[in-house]
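Please keep the sequence and the three-dimensional view at hand while reading.

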Amino acid sequence: MESAESTESARLLLRRFSPADAPALAAYRSDPEVSRYQSWESPVPLAEAERLAAMFAAGDPRGPGWFQYAVERRDVPGLIGDVGVCRSEDGRQAELGFTFAPEFQGRGYATEAVARTVEFLLAEEQLHRVSAGCDARNVRSAKLLERVGFRREGHLVQSMWIKGEWTDDVLFGLLASEYGGTRDGR
Ligand SMILES: CC(C)(COP(=O)(O)OP(=O)(O)OC[C@H]1O[C@@H](n2cnc3c(N)ncnc32)[C@H](O)[C@@H]1OP(=O)(O)O)[C@@H](O)C(=O)NCCC(=O)NCCS
């Protein structure tokens, strides 16, 4: 990776958030379809998105805890989604999360961004394992993770309380030892 805080894939730039990303962040996080299986409630007011963008912008890309990458197209500036990386305390594992604006879904951008993030973490940063979890009804998220090479590892029944109901959580994992390398055409 060019640095831990920014990198490119074939069509995308993953970079540190900036305060200027707040309006686009508020717009897609406010979409009820986007927030449906996520922990936050929509709509997300601009002031809340400004607080989030400032917090993301101040994050440490190599420290423990979450660092959120802003994703934009290389040829057209502007936030289209985000990929979150949560490194463990010892730095040897990371959990991923991802959210894309509806108008930029269905074009392979999210797959490309997650694949590049996995390549960075396993091949370049030499982490041992990456993982992700999603609501069992979030079929598109599960499909994406399997496309990138994640293994479905567990199904936790009614383990999360989200938006007024108990939901099942499906767990995915991928080890460095079984990782096949670049999947985004770089
Ligand atoms: C999860 C999420 C990112 C998946 O989005 P997505 O659009 O399915 O994923 P991609 O952007 O990678 O697009 C893949 C689709 O684009 C198609 N596609 C079109 N052009 C493509 C291209 N050039 N390259 C690759 N795929 C392409 C693929 O065939 C695939 O379609 P399919 O699902 O019908 O097979 C999106 O649904 C989302 O943001 N949801 C809300 C937030 C959320 O729930 N996040 C996950 C929390 S665990």
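The model is predicted, so local features are given only at pLDDT of at least 70 and side-chain atom pairs only at pLDDT 80 or more, whereas totals for chains, interfaces and linings use all residues. Residues are numbered from 1 along each chain as its sequence is written, and side-chain values use heavy atoms, with hydrogens and water left out.

## The chain as a whole

The protein chain contains five helices and eight strands. These elements are DSSP runs numbered from the N terminus, where a helix (H or I) has at least four residues and a strand (E) at least two. Along the sequence their order is β-β-α-α-α-β-β-β-α-β-α-β-β. The radius of gyration is 16 Å, close to the 16 Å that the globule rule gives for 186 residues, so the chain is as compact as a globular protein of that length. This radius is taken over C-alpha atoms, and the globule rule is 2.2 Å times the number of residues to the power 0.38. The C-alpha trace spans about 45 × 40 × 35 Å along its principal axes.

Of the 186 residues in the protein chain, 47% are buried. Buried means under 20% relative accessible area, exposed means over 50%, and partly exposed lies in between (1.4 Å probe, protein chains only). The accessible surface of the chain is about 9,100 Å², and carbon and sulfur atoms hold 51% of this area. Such areas come from the Shrake-Rupley method with a 1.4 Å probe; for residues, only the protein chains shown count as cover. Among contacts with a separation of 6 or more, 62% join residues 24 or more positions apart. A contact means heavy atoms within 4.5 Å.

## The surroundings of the ligand

Which residues come nearest to the ligand? Of the 20 residues around the ligand, they are Phe 98, Gly 106, Thr 111, Asn 138 and Arg 140. A residue is near a molecule if one of its heavy atoms lies within 4 Å of it.

| Residue | Atom of the residue | Distance to a ligand oxygen atom |
|---|---|---|
| Gln 105 | polar side-chain atom | 3.3 Å |
| Arg 107 | polar backbone atom | 3.3 Å |
| Gly 108 | backbone N or O atom | 3.0 Å |

The ligand has 960 Å² of accessible area on its own, and the protein covers 71% of this. Strand E5 (93-100), helix H4 (109-124), strand E6 (129-135) and helix H5 (139-148) each give two or more residues to the shell around the ligand. H5 gives the most, with four residues. The shell has six nonpolar, nine polar and five charged residues. In this scheme Ala, Val, Leu, Ile, Met, Phe, Trp, Tyr, Cys and Pro count as nonpolar, Asp, Glu, Lys and Arg as charged, and the others, Gly among them, as polar.

## Individual residues

Glu 112 belongs to helix H4. At 8% relative accessibility, Glu 112 counts as buried. Its side chain reaches the backbone nitrogen of Arg 11 at 2.6 Å.

Arg 62 lies in the loop between helix H3 (46-57) and strand E3 (65-73). Leaving aside residues up to four places away in sequence, Arg 62 touches Ala 4, Arg 87, Phe 120 and Glu 125. With Glu 125, the side chain of Arg 62 forms a polar contact of 2.8 Å.

Gly 91 is in the loop between strand E4 (79-87) and strand E5. Its relative accessibility of 27% makes Gly 91 partly exposed.

## Backbone features

Most residues other than glycine have a negative phi, and most peptide bonds are trans. Where does this chain depart from that pattern? The peptide bond from Ser 42 to Pro 43 is cis, with omega near 0 degrees. Pro 43 lies in the loop between helix H2 (32-35) and H3. Gln 158, in strand E7 (residues 151-162), has a positive phi of about 45 degrees although it is not a glycine. Lys 163, also not a glycine, has a positive phi of about 50 degrees. Lys 163 is found in the loop between E7 and strand E8 (165-175), and its relative accessible area of 33% makes it partly exposed.

Technical notes
A polar contact is a pair of N or O atoms within 3.5 Å; within protein, one must be able to donate a hydrogen and the other to accept it, and residues adjacent in sequence count only if both atoms are side-chain atoms.
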